[in-house]
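Open the model in your viewer and keep the selection panel at hand. The tour moves in short stops.

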Amino acid sequence: MPEFDLAIRGATVVTASDTMRADIGIRDGRIAALAERIADAARTIDASGLLALPGGIDSHVHIDQPSGPGIVMADDFASATRAAAAGGNTCVMPFALQPRGASLRETVDAYRARAEGACLIDAAIHLIVADPTDSVLGQELPALVADGYTSFKVFMTYDDLVLNDRELLEVFAVARREGARVMVHAEGYDTIRYLSEKLERAGETRPYGHALSRPQTVEREAAHRAISHAELIDLPIVIVHVSGAEATEQIAWAQARGLRIHAETCPQYLTLTAEDMKGIGDADAMAGAKYVCSPPLRDAASQEAVWSGIRRGIFDVVSSDHCPFRYDDPAGKLNPRGKTSFRWIPNGIPGIETRLPVLFSEGVSKGRISLNRFVALTATNHARLYGLYPRKGSIAPGFDADITLWDPNRRETIRQANLHHGSDYTPWEGFAVTGWPVMTLGRGEVIAEEGRILGEPGRGRILDRAVDPSERRAA
Ligand code: URP
Ligand code: ZN
Ligand code: ZN
């Protein structure tokens with residue numbers, strides 16, 4: 001009887017802290033050994049010349065999420081996790097969004113039921129708290145955290161989601177008591193409304209108006225307010241999808257004061273700009289809608305500031321904020337109201353399959369970040385921040401055998417035609433990359449190889465998590 005079910009031989013194994021030439025022995029879906037040469041295995045994969053990286057963990061994705069009247073998200077759990085696996089990921093973290101007036105428990109139960117049996121890769125579910133009533137704060141939220149939903153997002157904008165300052169403070173206090181991780185969407189609601197209405201009155205309704213309605217000041221102010229609330233409650237928070245220089249500055253300032261403020265950015269803020277929202281060179285006046293996301297894309301100087309933040313350790317994670325809509329679809333970007341004003345274009349862009357190649361190419365291949373930092377930003381820190389470590393996020397004995405074999409020299413051009421998501425476009429169409437995921441293994445099973453999906457939908461597990469008891473503190 002061979003000692004291992006599978007041996008990966010000849011790869012350079014990269015973790016957040018080490019780079020080594022080692023064989024990987026896998027047994028029962030877990031990494032059982034890492035050694036210069038391992039014993040016999042039932043099956044061998046020759047990975048000479050390839051990197052073995054921890055499978056990507058994308059801790060900020062929107063899948064099958066209610067998106068307003070007449071609007072339909074382009075991915076369900078099957079298509080999103082298929083695309084994620086093809087792009088080198090082995091775990092995603094989508095959101096169960098509580099509609100106002102709804103029970104948080106019923107929301108997450110229904111959402112989980114849609115995920116069960118559909119996912120190709122593992123998933124852990126965050127909550128979105130949009131209606132922090134007394135019963136949500138007093139009963140439902142603490143019970144859900146205890147049941148393994150240990151992280152949730154709150155919004156400082158959007159008509160149906162915004163929490164006021166008092167509500168933010170109340171929610172932060174519950175998170176502190178229960179040891180939950182809070183993610184904050186930092187953009188100021190009132191300012192956006194003021195600017196949007198002013199732009200519309202002036203006739204600026206193009207997709208590009210979206211960028212004008214949410215300048216960096218809006219994000220900077222909200223980031224500062226969230227940081228101040230977090231300081232007051234003494235709660236570590238994650239400021240998600242940081243888009244530009246000004247919010248980055250606020251976070252750097254907070255961290256320098258010793259506050260535990262974590263930060264996430266996304267490939268779109270490193271590679272695209274607001275100019276893309278003008279649809280320049282495109283015959284279609286609405287083409288800029290393909291790039292409408294919040295916070296909006298910025299400029300080249302902001303890209304550099306975010307790269308600098310990554311290098312200085314201000315950012316913990318790079319996620320996709322995959323929020324896919326179809327473009328040429330009345331239930332997507334080109335919905336009838338969206339054609340009348342940027343205000344009605346659904347916010348969000350697809351990116352679950354392209355996150356890793358874009359960041360690897362622009363980061364590692366262009367010499368901006370090390371391989372180890374790439375692993376930290378795309379897997380290890382996600383696992384650590386959201387309670388999946390030491391089950392996921394590294395390559396070491398005992399971890400799930402979630403491994404991506406990566407060709408660092410492979411040149412590819414991103415094309416919608418080759419992607420697996422449910423959207424009908426990619427914002428990175430024609431984007432040239434160096435470095436490509438050639439094989440993805442989830443718990444020791446080959447689930448994607450060279451763009452072909454091999455695993456069965458439904459093999460992915462929905463993961464419960466536990467809070468770190470040291471994070472649970474009296475309010
Ligand atoms: O535009 C975006 N990012 N839409 C997704 C929802 C969010 O705020 O993350
Ligand atoms: Zn958000
Ligand atoms: Zn998001």
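Select His-60 and Asp-321. Both are buried (under 20% relative accessible area with a 1.4 Å probe, protein chains only; exposed is over 50%, partly exposed in between). This is a predicted model, where local features need pLDDT of at least 70, side-chain atom pairs count only at pLDDT 80 or more, and totals for chains, interfaces and linings use all residues. Residues are numbered from 1 along each chain as its sequence is written, chains are lettered from A and ligands numbered from 1 in written order, and side-chain values use heavy atoms, with hydrogens and water left out.

Donors are N, O and S atoms within 2.8 Å of the metal (3.2 Å for Na, K and Ca); water is not among the atoms, so sites may look incomplete.

Check the angles. Next, show the zinc ion (ligand 2): 3.9 Å separate it from the zinc ion (ligand 3).

Jump to His-420. Relative accessibility is 15%, so His-420 counts as buried. Its side chain makes a polar contact of 2.7 Å with the side chain of Glu-353 (a pair of N or O atoms within 3.5 Å; within protein, one must be able to donate a hydrogen and the other to accept it, and residues adjacent in sequence count only if both atoms are side-chain atoms). Then display the backbone oxygen of Gly-451: the His-420 side chain reaches it at 2.7 Å.
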